[in-house]
Amino acid sequence: MMYLDNAATTPVRREVLEAMWPYLTGDFGNPSSHHEVGESAARALADARLSVAASLGCRASEVIFTSGGTEANNLAIKGISLANPRGRHIVTTAIEHEAVLQSCDYLRRFHDFEISFVPLGADGLVDPLAVAAMLRQDTTLVTIMQANNEIGTVQPIAQIASAARAAGVPMHTDSVQAVGWLDVGLDVLGVEALSISGHKIGAPKGVGVLAIRTATPLEPVMHGGGQERGRRSGTENVASAVGMATALSLIEPHPAVPALRDLIIDGVLETVRGALLTGSRSDRLPNHASFCFPGTSGEAVLLELERRGITSSSGSACAAGSDDASHVLVALGVDPDVAKTAVRFTLDAQITEQDARDVVTRVAEAVATLTGGPH
Ligand code: PLP
């Protein structure tokens with residue numbers, strides 16, 4: 001089976017599991033306990049925090065461990081907006097992950113926030129000037145994802161962040177899909193806060209990080225024992241924090257992958273009649289190829305591909321199985337019936353040229369089987 005759904009999740013890396021193992025067994029202490037077992041766990045957590053900070057271009061005190069990307073996004077959006085005395089206005093896009101959209105909607109419904117959505121090109125790209133034009137005296141936050149999970153489009157985050165900074169508005173970015181493939185860091189992007197998730201980079205599910213500048217006020221969402229400097233209460237998941245730090249430290253460049261992505265994109269567009277690329281051709285994640293196949297159904301294509309040894313997805317693990325067209329594609333003006341034919345391939349670093357050629361052949365076969373056309 002060729003697993004091409006790495007944007008949904010990845011297997012835990014052996015080195016990550018080995019680094020975590022001691023903190024699930026012998027060194028199992030609670031880092032808040034004042035005895036040797038607890039202090040040993042506290043040291044591991046402090047080392048993990050330092051290591052994550054080095055990977056994300058920030059200070060150790062600016063790293064908050066969370067239960068994943070969803071929680072990091074909730075904490076950033078609610079926490080920064082509610083703590084910001086400027087007002088009640090957020091600027092975002094209609095193609096964000098549901099964790100962002102629903103957090104904004106919560107603030108709209110229960111705290112009278114106004115949410116403005118930046119206009120997008122058909123490829124999902126944001127124009128930094130359009131963001132600048134939407135900023136107001138009462139804007140509390142700009143939150144725009146670094147790379148889109150469904151269509152792979154990569155946003156000009158550094159330019160958007162500099163527009164926000166010029167207006168004195170904090171900027172958060174959801175870097176969950178970017179990490180491992182693009183430069184991610186508070187320093188390189190110039191943002192005040194960013195979210196990442198462990199299970200997209202070979203750490204376990206259920207761990208994430210919100211990196212946030214010390215100078216950016218944050219209202220906690222989780223109240224309790226005051227862990228994570230009072231910004232995220234709850235006994236720390238020491239083993240997973242160690243796993244996250246290890247996974248980040250193992251990230252390395254994969255220079256061969258973009259050409260294999262392009263081989264798939266070009267091959268599918270050439271051989272599959274009517275196939276459409278979704279997202280940007282040029283500004284896209286190095287491991288991401290996504291299409292619509294009008295005249296089919298995305299779910300049927302997935303099944304045909306599974307029978308041919310390829311695991312892919314309809315675009316978003318959260319939306320999988322639901323009959324609704326993707327909110328991302330609909331926001332970009334794709335006809336809802338066409339949006340329901342979406343299929344996404346997200347590669348790992350192990351993919352070979354032969355694999356990429358096989359993907360093209362099998363996609364062509366799968367679509368031809370469903371449309372009755374020639375192979
Ligand atoms: N943001 C994006 C862009 C994602 O793709 C995902 C997961 O698919 C998340 C946030 C949520 O992360 P988690 O699964 O760790 O809650």
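Asp112 is exposed, with a relative accessible area of 63%. In this predicted model, Asp112 lies in the loop that runs between helix H4 (98–111) and strand E4 (114–117). The backbone of Asp112 has a positive phi of about 60°, although the residue is not a glycine.

Glu228 is another non-glycine residue with a positive phi, here about 55°. Glu228 sits in the loop between E8 and H8. Is Glu228 buried or exposed? Its relative accessibility is 6%, and buried means under 20%, so Glu228 counts as buried. Asp112, at 63%, is exposed because the cut-off for that class is over 50%.

The two elements on either side of the Glu228 loop also take part in the packing around helix H2: strand E8 (208–212) and helix H8 (238–249) are both in contact with the buried residues of H2. Those buried residues also pack against helix H1 (14–24) and strand E2 (63–66).

Helix H2 itself covers residues 36–55, which makes 20 residues. From its first C-alpha to its last, H2 reaches 29 Å, close to the 28 Å expected at 1.5 Å a residue. Which residues of H2 are buried? They are Gly38, Ser40, Ala41, Ala44, Leu45, Ala48, Arg49, Val52 and Ala53. An arginine, Arg49, is among them.

After H2 comes Gly57, with a positive phi near 60°.

Note on methods:
Residues are numbered from 1 along each chain as its sequence is written. This is a predicted model: local features need pLDDT of at least 70, side-chain atom pairs count only at pLDDT 80 or more; totals for chains, interfaces and linings use all residues. Side-chain values use heavy atoms; hydrogens and water are left out. Helices (H or I, at least four residues) and strands (E, at least two) are DSSP runs, numbered from the N terminus. The expected span of a helix is 1.5 Å times one less than its number of residues. Buried means under 20% relative accessible area, exposed over 50%, partly exposed in between (1.4 Å probe, protein chains only). Contact means heavy atoms within 4.5 Å.
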